[in-house]
Amino acid sequence: MLGPPGAGKGTQARVLQDRLGVPQIASGDLLRAAARDRSTLGLNAKRYMDRGSLVPDEVVLKLIAARLHESDAAAGFILDGFPRTREQAEALATMLKDSGALDRVIALNVPDEEIIKRISGRRTCRNCGEMYHLVFDPPRNQDHCNECNSELYQRDDDSEDTLRMRLQVYVAETRPLLEYYQRQGILTQVDGIGRPEEVAGRILKQLGVDGAKLAAAKKGAQP
Ligand code: AMP
């Protein structure tokens, strides 16, 4: 999933995870977990994240490579927030050399003014990572997650100044990947405006997946 911060990559990757039955692998989540564990790598990464800068490639690549080797990723995965630079995209292609290249890159298009609205109201569950918006998708029980009832918090890097920096980094480092994947013929651009289910419907249509049928088939297949 490609797109600026607040485009809905995480939300949509979670929908796809449920519909397609392959895990969402979010570099930001891996980095935040490492920071929470207070590992040297995680604490080092947090310094970059709090400023809105990119964490050095060697750190991100190490986390992603390890995650891709876990057994649940053997049949496929949805990458969210990775790659973010040309170097990361090339390193990813090398990692996937033997197992098969990326099938599709979904780019979510959302204008800056909408991003600012979305990020300022964004709240995330400390425990399970579920996301809410104070206005557009409020939790049932104020400040607590609908799924696991844990506390919701505002990410340190969702402040206005840091967001501005993240948008600049997106334009300079990540947006050029649109052309990179366009040239490879695997880029699909999707309008990211609207309710999450509407956006998900557009993505599934582009992927040639009938979301309702697939969900029903998966349910039926479960023991
Ligand atoms: P995200 O959760 O995807 O919005 O990422 C939050 C922050 O984590 C970013 O602003 C970066 O500081 C860092 N980060 C996440 N993914 C990457 C990546 N692929 N490369 C470098 N830094 C990353």
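**Figure 1. Salt bridge between Arg 202 and Asp 191.** The side chains of Arg 202 and Asp 191 form a salt bridge with an N to O distance of 4.0 Å; the term denotes a side-chain nitrogen of Lys or Arg within 4 Å of a carboxyl oxygen of Asp or Glu. This pair links distant parts of the chain, with Arg 202 in helix H9 (residues 196–206) and Asp 191 in strand E7 (residues 187–191), eleven residues apart. Helices (H or I, at least four residues) and strands (E, at least two) are DSSP runs, numbered from the N terminus. Arg 202 counts as partly exposed at 29% relative accessibility, and Asp 191 counts as partly exposed at 39%. Buried means under 20% relative accessible area, exposed over 50%, and partly exposed in between (1.4 Å probe, protein chains only). The model is predicted: local features need pLDDT of at least 70, side-chain atom pairs count only at pLDDT 80 or more, and totals for chains, interfaces and linings use all residues. Residues are numbered from 1 along each chain as its sequence is written, and side-chain values use heavy atoms, with hydrogens and water left out.

**Figure 2. Further salt bridges.** The structure holds 20 salt bridges. One of them joins the side chains of Arg 14 and Glu 130 at 3.0 Å, N to O. Here too distant parts of the chain are linked: Arg 14 belongs to helix H1 (residues 9–20), while Glu 130 lies in the loop between strand E4 (122–125) and E5, 116 residues apart. Glu 130 is partly exposed, with a relative accessible area of 24%. Glu 197 and Arg 195 also meet through their side chains in a salt bridge (2.5 Å, N to O). Glu 197 is partly exposed at 49% relative accessibility, as is Arg 195 at 47%. Elsewhere, salt bridges with shared partners join Arg 122, Arg 155, Asp 157, Asp 158 and Arg 166 into one network.

**Figure 3. Aromatic pair of Tyr 180 and Tyr 181.** The structure holds one aromatic pair. The ring centres of Tyr 180 and Tyr 181 are 5.0 Å apart and the planes stand at 75 degrees, so the pair is edge-to-face. Rings of Phe, Tyr and Trp (its six-membered ring) pair if their centres lie within 6.5 Å; planes under 30 degrees apart count as stacked, over 60 as edge-to-face and the rest as tilted. Both Tyr 180 and Tyr 181 are buried.

**Figure 4. Arginine side chains over tyrosine rings.** The charged end of Arg 126 sits over the ring of Tyr 153, 4.4 Å from its centre. Arg 51 lies over the face of Tyr 48, at 5.1 Å from the ring centre. A charge sits over a ring if NZ of Lys or CZ of Arg is within 6 Å of the ring centre and within 35 degrees of the ring normal.

Figure 5. Val 59 is found in helix H4 (residues 57–68) and counts as buried at 12% relative accessibility. Leaving aside neighbours within four places in sequence, Val 59 is in contact (heavy atoms within 4.5 Å) with Leu 31 and Leu 41. Leu 41 is 18 residues from Val 59 in sequence and 7.2 Å away in space, C-alpha to C-alpha. Thr 174 lies in helix H7 (residues 160–174) and is buried, with a relative accessible area of 4%.
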